[in-house]
Amino acid sequence: DELVRDCGCGSSVNTPEEFFEVMEGLYNTWRKDGTLPTLGDKKKVEFYSRKKQAQRMANLIHDYLDKKK
């Protein structure tokens with residue numbers, strides 16, 4: 001929930017009914033327009049991407065290993 005709020009995109013649901021409503025809305029938008037809206041803070045979305053997080057983790061590991069030498 002916090003990640004979705006921080007990035008300003010996506011949906012966070014708590015029930016199967018809420019999930020269905022969100023998915024149905026996205027599907028109907030896609031059928032009508034042929035696309036889905038891209039929302040949110042692109043820089044934050046990129047920051048939380050797997051690629052960026054793996055890069056950050058690798059840097060922490062390298063820094064740790066360099067300090068042990």
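This passage walks through the fold, the surface and a few residues of a single protein chain.

The structure is a predicted model, in which local features need pLDDT of at least 70 and side-chain atom pairs count only at pLDDT 80 or more, while totals for chains, interfaces and linings use all residues. Residues are numbered from 1 along each chain as its sequence is written, and side-chain values use heavy atoms, with hydrogens and water left out.

Let's start with the overall build. The protein chain has 4 helices and 0 strands, and from the N terminus on, its elements run α-α-α-α. Here, helices (H or I, at least four residues) and strands (E, at least two) are DSSP runs, numbered from the N terminus. The C-alpha trace spans about 60 × 25 × 15 Å along its principal axes. The radius of gyration of the protein chain is 18 Å, whereas a compact globule of 69 residues would have one near 11 Å. That radius is taken over C-alpha atoms, and the globule rule is 2.2 Å times the number of residues to the power 0.38.

Buried means under 20% relative accessible area, exposed means over 50%, and partly exposed is in between (1.4 Å probe, protein chains only). The protein chain exposes about 6,500 Å², and carbon and sulfur atoms supply 56% of that area. Accessible areas come from the Shrake-Rupley method with a 1.4 Å probe, and for residues only the protein chains shown count as cover.

Patches are made of residues with over 30% relative accessible area and no salt bridge; like charges are joined within 9 Å, and nonpolar side chains (Val, Leu, Ile, Met, Phe, Trp, Tyr) within 5 Å. One patch is nonpolar and consists of Val13, Phe19, Met23, Leu26, Tyr27, Trp30 and Leu36, with about 650 Å² of accessible area together. Trp30 sits in helix 2 and is partly exposed, with a relative accessible area of 45%. The other patch carries negative charge and brings together Glu17, Glu18, Glu21 and Glu24. Glu24 also belongs to helix 2 (residues 16-33), and its relative accessible area of 38% makes Glu24 partly exposed.

As for charges overall, the protein chain has 13 positive and 12 negative ones, and their mean positions are 11 Å apart. Lys and Arg count as positive and Asp and Glu as negative, while His and the chain ends are not counted. The place of a charge is taken as NZ of Lys, CZ of Arg, CG of Asp or CD of Glu.

Side chains of opposite charge can pair when their charged atoms come close. The structure holds 1 salt bridge, meaning a side-chain nitrogen of Lys or Arg within 4 Å of a carboxyl oxygen of Asp or Glu. The partners are Asp6 and Lys44, with their closest N and O atoms 2.9 Å apart. This pair ties together distant parts of the chain, since Asp6 is in helix 1 (residues 2-7) and Lys44 is in helix 3 (residues 42-47), 38 residues apart. Asp6 counts as partly exposed at 30% relative accessibility, and Lys44 does so at 32%. From Lys44 to Arg56 there are 12 residues in sequence and 14 Å in space, C-alpha to C-alpha.

Val22 lies in helix 2 and is partly exposed at 27% relative accessibility. Val22 and Gly10 are 12 residues apart in sequence and 9.6 Å apart in space, C-alpha to C-alpha. Cys9 is in the loop between helix 1 and helix 2, and Cys9 counts as partly exposed at 22% relative accessibility. Between Cys9 and Ile61 there are 52 residues in sequence and 31 Å in space, again C-alpha to C-alpha.
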